[in-house]
Every structure is written in structure tokens, then in C-alpha cells.
Amino acid sequence: MGIGGCIVLIAVGAIITFAADWHMAGVNLDLAGLIMMATGFIGLAAYVSILKRRRVQPPAPGAPVIEVEDHNRYYR
């Protein structure tokens, strides 16, 4: 689930919780909306933390270039 899915969950949960006045027997729509919003926020936090980890910092200007030899090139 990406950022869009998380935002949709948050939006739909907020609409169900705060804007809808439906009444269903055996279903608490306020609680269902809160659960959807919490799931969206947790998913968004997880996605952002994974995205932050994947981001690679570019080397500083003037930093020495380190070349790494590929010793496994003969075994492919």
C-alpha cells in the first residue's frame, strides 16, 4: 500500500467518523472510521520510514572517490 492508499484510508475513515450519520444494526461506524484512520496513519508512517531508509545520501563535494573491485565477476 503506497502513500495514495494510506491517504484514501485516512480520508474515508474521517468521512465515516465525522460526516456520516448512518445507523447500522450491529456496526459502530464511528469505531470503524477510527480504525480506518489509524490503519492509514500507521501505513503512512511505515511507508515514509521505508522510503527514508532507501534514500541514498550523495557524497560531499570534494570527498575522495573510493572504487570497489568486483571480485565476483568471474562467478556469474
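Thr17 touches Asp30, Gly33, Leu34 and Met37, leaving aside residues up to four places away in sequence. This is a predicted model, and in it Thr17 is part of helix α1, which spans residues 3-19. The points below follow Thr17, then helix α1, then the protein chain.

**Thr17 and its surroundings**
- With a relative accessible area of 11%, Thr17 is buried, because the term applies to residues under 20% relative accessible area.
- A polar atom of the Thr17 side chain lies 3.5 Å from the backbone oxygen of Asp30.
- Asp30 is also one of the residues that Thr17 touches.

**Helix α1**
- Helix α1 consists of 17 residues, and the distance from its first C-alpha to its last is 23 Å, close to the 24 Å expected at 1.5 Å a residue.
- The buried residues of α1 are Cys6, Ile10, Gly13, Ile16 and Thr17.
- These residues cover an arc of only 135° around the axis, so they lie on the same side of α1.
- An α-helix has 3.6 residues a turn, so residues three or four places apart point the same way.
- Ile15 and Ala19, on the other side of α1, are exposed.

**The protein chain**
- The protein chain contains two helices and zero strands.
- It has 76 residues, of which 13% count as buried.
- Among contacts in the protein chain with a separation of 6 or more, 55% come from residues 24 or more positions apart.
- The accessible surface of the protein chain is about 6,700 Å², and 65% of this surface belongs to carbon and sulfur atoms.

Notes. Residues are numbered from 1 along each chain as its sequence is written. This is a predicted model: local features need pLDDT of at least 70, side-chain atom pairs count only at pLDDT 80 or more; totals for chains, interfaces and linings use all residues. Side-chain values use heavy atoms; hydrogens and water are left out. Helices (H or I, at least four residues) and strands (E, at least two) are DSSP runs, numbered from the N terminus. Buried means under 20% relative accessible area, exposed over 50%, partly exposed in between (1.4 Å probe, protein chains only). A polar contact is a pair of N or O atoms within 3.5 Å; within protein, one must be able to donate a hydrogen and the other to accept it, and residues adjacent in sequence count only if both atoms are side-chain atoms. Contact means heavy atoms within 4.5 Å. The expected span of a helix is 1.5 Å times one less than its number of residues. The arc is that of the directions from the helix axis to the C-beta atoms. Accessible areas come from the Shrake-Rupley method with a 1.4 Å probe; for residues, only the protein chains shown count as cover.
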